Amino acid sequence: MSTREPAPRRPTMRDIAARVGLSRQLVSIVLRGAPGASDASRERILAAARELGYHPDDSARMLRRRRSGQLGVLFTVRQPFEVDLVDALYRRADDHGFTLALGAIGEQHDLETALSGLMRQRIEGLIVLDAGTGGHEITELPSGLPALLLGGPTSPDAHDRIDIENERGITLAVEHLSALGHTRIAYLGAASGPNAASRLAGYRRAMASRGLPGRVVPSDFTELGGHRAALSLLADGSVREHSSGGGGTADAPGRVTALVCMNDHCAIGALQTLVRAGVRVPEEVSIVGFDDSSAAALPYVALTSVRPDPDHLAQLAVETLRARLADPGAPAVRRQVAPTLCTRASTGAMRT
């Protein structure tokens, strides 16, 4: 009669404690991602867990689990609109009894670090505004954690998404400028990045539907990108300084009388550069941004801008993530929010 070898015993937290010579309580703190352990102890415990092949007992953990009521928000600090959106998320999360834990991505705080910090705070779900990668796709979200992509990022995995109707927003900008008599409308923006492709497509479609020639001037999402794009327009004579003399600027071949910019950062960079060069805004060039960030409404900026409505985006995000927590197995959903246009002093009728 044959005998079978006994199944190997699963390593426990007590085994890890014995390996590193620390208390079981400290091992538990580290493996739960809770604060209270030094960096040195944390590294030793995690290394021992890997060496022993330790995996948490999910069934036991679920029996002990208590809801934290906390949602994580992953964002960068580069875009004013993200700050406005986080502020709206605070309000809407509170409406549903949630609190927020923020994971800001910056030059000294990368995606992995931000995610690690959020996971240590026992978040129940994650709202992703930006991956901080310079692109729009995020592939490093923790498995098993409900995540919602808000306002631009995408993922190859099936996550809930709340997006902006970017093409509609750009169409509103072109419609506004066309109604003011502008026919030579250039677009300042990039072909890739969060929302970039859909905004560029919206510009091209809106111009083509009116039989207007399109012109795309490369720019990134920053004020410096808008500044450089404006300099290129000045350099090739597409926009001419008022102080340079000469009349009939709107009739000159190739002259641009209006700009649609991919976001407010880009628009503000272009606006400031043109004004400093002596170009009158909006008398000689009208400018439209996108995001209607708090910076756009400043009285010394007064930028006409497409408004995605951060409060509505935040409301849908929290409601959708709340539904996901209640029913983890439901199919992923995607919703879109229609923007509006906020008109200010940066746009006006084309002068002849």
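The exercises below work through a predicted model of one protein chain.

Residues are numbered from 1 along each chain as its sequence is written. In this predicted model, local features need pLDDT of at least 70 and side-chain atom pairs count only at pLDDT 80 or more, while totals for chains, interfaces and linings use all residues; side-chain values use heavy atoms, with hydrogens and water left out.

**Exercise 1. The chain as a whole**

Task: State how many helices and strands the protein chain has, and what percentage of its residues count as buried.

Solution. 
- Step 1. Helices (H or I, at least four residues) and strands (E, at least two) are DSSP runs, numbered from the N terminus. The protein chain has 11 helices and 12 strands.
- Step 2. Buried means under 20% relative accessible area, exposed over 50%, and partly exposed in between (1.4 Å probe, protein chains only). Of the 352 residues, 47% count as buried.
- Step 3. A contact means heavy atoms within 4.5 Å. Among contacts between residues at least 6 apart in sequence, 68% join residues at least 24 apart.

**Exercise 2. An aromatic pair**

Task: Find which residues form an aromatic pair and describe its geometry.

Solution. 
- Step 1. Rings of Phe, Tyr and Trp (its six-membered ring) pair if their centres lie within 6.5 Å; planes under 30 degrees apart count as stacked, over 60 as edge-to-face and the rest as tilted.
- Step 2. Searching the whole structure gives 1 aromatic pair. Its members are Y187 and Y203, with 5.2 Å centre to centre and 25° between the planes, and the pair is stacked.
- Step 3. Y187 belongs to strand β6 (residues 185-189) and Y203 to helix α8 (residues 196-209), so the pair, 16 residues apart, links distant parts of the chain.
- Step 4. Both Y187 and Y203 are buried.

**Exercise 3. Salt bridges**

Solution. 
- Step 1. A salt bridge is a side-chain nitrogen of Lys or Arg within 4 Å of a carboxyl oxygen of Asp or Glu.
- Step 2. R92 and D311 form a salt bridge through their side chains, at 2.6 Å from N to O.
- Step 3. R92 has a relative accessible area of 21%, so R92 is partly exposed. D311 is partly exposed too, with a relative accessible area of 21%.
- Step 4. R92 and D311 also belong to a network of salt bridges that links D87, R91, R92, D95 and D311.

Task: Decide whether R280 and E284, which meet in a salt bridge, are buried or partly exposed.

Solution. 
- Step 1. The side chains of R280 and E284 meet at 3.6 Å, N to O.
- Step 2. R280 has 38% relative accessibility and therefore counts as partly exposed.
- Step 3. E284 has a relative accessible area of 13% and is therefore buried.

**Exercise 4. Paired strands**

Solution. 
- Step 1. Two strands pair if DSSP finds at least two bridges between them.
- Step 2. Strand β9 (residues 286-290) and strand β10 (residues 304-307) pair in the parallel sense over 3 bridges.

**Exercise 5. The surroundings of T273**

Task: Describe where T273 lies and what its side chain reaches.

Solution. 
- Step 1. T273 lies in helix α10 (residues 264-276). Its relative accessibility is 9%, so T273 counts as buried.
- Step 2. The side chain of T273 reaches the backbone oxygen of G269 at 2.7 Å.
- Step 3. Leaving out residues up to four places away in sequence, T273 touches H227, A230, L231 and L234.

**Exercise 6. An exposed arginine**

Task: Classify R228 as buried or exposed.

Solution. 
- Step 1. R228 lies in helix α9 (residues 223-235).
- Step 2. Its relative accessibility is 52%, so R228 counts as exposed.
- Step 3. R228 and C266 are 38 residues apart in sequence, and their C-alpha atoms are 9.5 Å apart in space.

Note on methods
Polar contact = N/O pair within 3.5 Å; in protein donor to acceptor, adjacent residues only side chain to side chain.
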